[in-house]
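Let's take a walk through this protein together, one region at a time. Keep the structure open beside you as you read.

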Amino acid sequence: HWAKELVKNGHDIFVITQNLRGEKSFEIFDGIKIFRVGLPVTLSGTLPVGLLSNVSFLLNSYFMGKKIIKENNIEIIHSNTYIPVISAQWCANKTKIPHIATVHDVYYTSKKNFWNTWSDQKQISILTKFLGPLIEKKIAKTNVTLFHTVSNQSKLDLESLDVTKPIMVIPNGIELSSYNVSVKEKEFQAIYVGRLIFYKNIDVLIDAFSLIVKQIPAAQLIIVGDGPMKNALNEKIHKLGLNKNIHLKGNVTDEQK
């Protein structure tokens, strides 16, 4: 949405992102020039976790960034955690272009056992337990122009890592027009949309919904998204006998959502 609004204001926007299986390596979408680089990965509700895919993205995004900067009048470099911050800073160091890095959460300080729990999940490398905290601390020391984060708590967490660069808090938003749809309200229905990952506490939501079903047998919970907790959540729903009340839909289109 940031990119789309900047395009509307007459700016040229270039996005370097992960190479997804089945997608083009380059396309123009709503005026945004999108480059997909590195080893191809499958969208599965979590960040790419393979060491090889991360190194591939790190190097390829850096070289693509250098190429774009050389061929265009780039005024600002923006990145999101984790690996993109490093390759973006390499580009900024080479060109002296201002670099803004977005950090949504700092897990190392705010959730002490986060990286241990993360690495215990299926599909996740045990190396993450050691690399995650190291990368977070590395990013905190990166010589960016400005850190952007989305909450005052995340700002405090960044400061606890002894960040010396300015930190700006700008909360996340949504495009309201995307949700301006005329539908009949569905009574006793709740929907979760997001990744199926442990720190979203979807298991707590399911436990709470089991209490609701005792009072309202017709209540329905729709869970949209994918991630490493999918099988565990499915088992929990079966164990509680809530198959008729709770539905895991996986990834869906925006129209379905």
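This is a predicted model: local features need pLDDT of at least 70, side-chain atom pairs count only at pLDDT 80 or more; totals for chains, interfaces and linings use all residues.

**A guided walk through the model**

K33 is partly exposed, with a relative accessible area of 22%. K33 forms a salt bridge with D12, and the closest N and O atoms of the two are 3.9 Å apart. K33 sits in strand β3 while D12 belongs to the loop between α1 and β1, so this pair ties together parts that are 21 residues apart in sequence. D12 itself counts as exposed, because its relative accessibility is 58%.

K33 also has a partner of another kind. In strand pairing, K33 of β3 is the bridge partner of I28. The strands involved are β2 (residues 26-29) and β3 (residues 32-41), which pair in the antiparallel sense over four bridges. Two residues lie between these strands in the hairpin, and D30 takes a positive phi near 50 degrees there. While you are looking at these strands, here is a general point to keep in mind: in a regular strand, side chains alternate between the two faces of the sheet.

How many salt bridges does the structure hold? There are six, and the pair of K33 and D12 is one of the salt bridges. Another joins E5 to K8, with 3.1 Å between the closest N and O atoms. These two residues are three apart in helix α1 (residues 2-8), so about one helical turn separates them. An α-helix has 3.6 residues a turn, so residues three or four places apart point the same way. E5 is partly exposed at 37% relative accessibility, whereas K8 is exposed at 61%.

Because E71 and K67 are four residues apart in helix α2, about one helical turn lies between them. E71 counts as exposed, with 54% relative accessibility, and K67 is partly exposed, with a relative accessible area of 45%.

Which residues of α2 are buried? They are S53, S56, F57, L58, S61, Y62, G65, I68 and I69. The cover over these buried residues includes β1 (14-20), β3, β4 (77-80) and α3. Strand β3, which carries K33, is thus among the elements that cover buried residues of α2.

L51, V55, L59, F63 and W90 make a nonpolar surface patch of about 460 Å². Helix α2 (residues 51-71) gives the largest share of the patch, with four residues. One of the patch residues is L59, which lies in helix α2. L59 is partly exposed because its relative accessible area, 38%, falls between the cut-offs of 20% and 50%.

Next, turn to helix α3 (residues 83-95), where you will find Q89. Is Q89 buried or exposed? Its relative accessibility is 6%, so Q89 counts as buried. Beyond its neighbours within four places in sequence, Q89 is in contact with H99, T142, N143 and V144.

V150 is buried, with a relative accessible area of 16%. Not counting residues up to four places away in sequence, V150 touches V103, H104, V169, I170, P171 and N172. V150 and T102 are 48 residues apart in sequence, and their C-alpha atoms are 8.3 Å apart in space.

The last stop is D226, in the loop between β9 (220-224) and α9 (230-239). This aspartate has a relative accessibility of 19%. Buried means under 20%, so D226 counts as buried. D226 and V252 are 26 residues apart in sequence, with 9.6 Å between them in space, C-alpha to C-alpha.

Terms used. Residues are numbered from 1 along each chain as its sequence is written. Side-chain values use heavy atoms; hydrogens and water are left out. Buried means under 20% relative accessible area, exposed over 50%, partly exposed in between (1.4 Å probe, protein chains only). Contact means heavy atoms within 4.5 Å. Patches are made of residues with over 30% relative accessible area and no salt bridge: like charges are joined within 9 Å, nonpolar side chains (Val, Leu, Ile, Met, Phe, Trp, Tyr) within 5 Å. Accessible areas come from the Shrake-Rupley method with a 1.4 Å probe; for residues, only the protein chains shown count as cover. A salt bridge is a side-chain nitrogen of Lys or Arg within 4 Å of a carboxyl oxygen of Asp or Glu. Two strands pair if DSSP finds at least two bridges between them.
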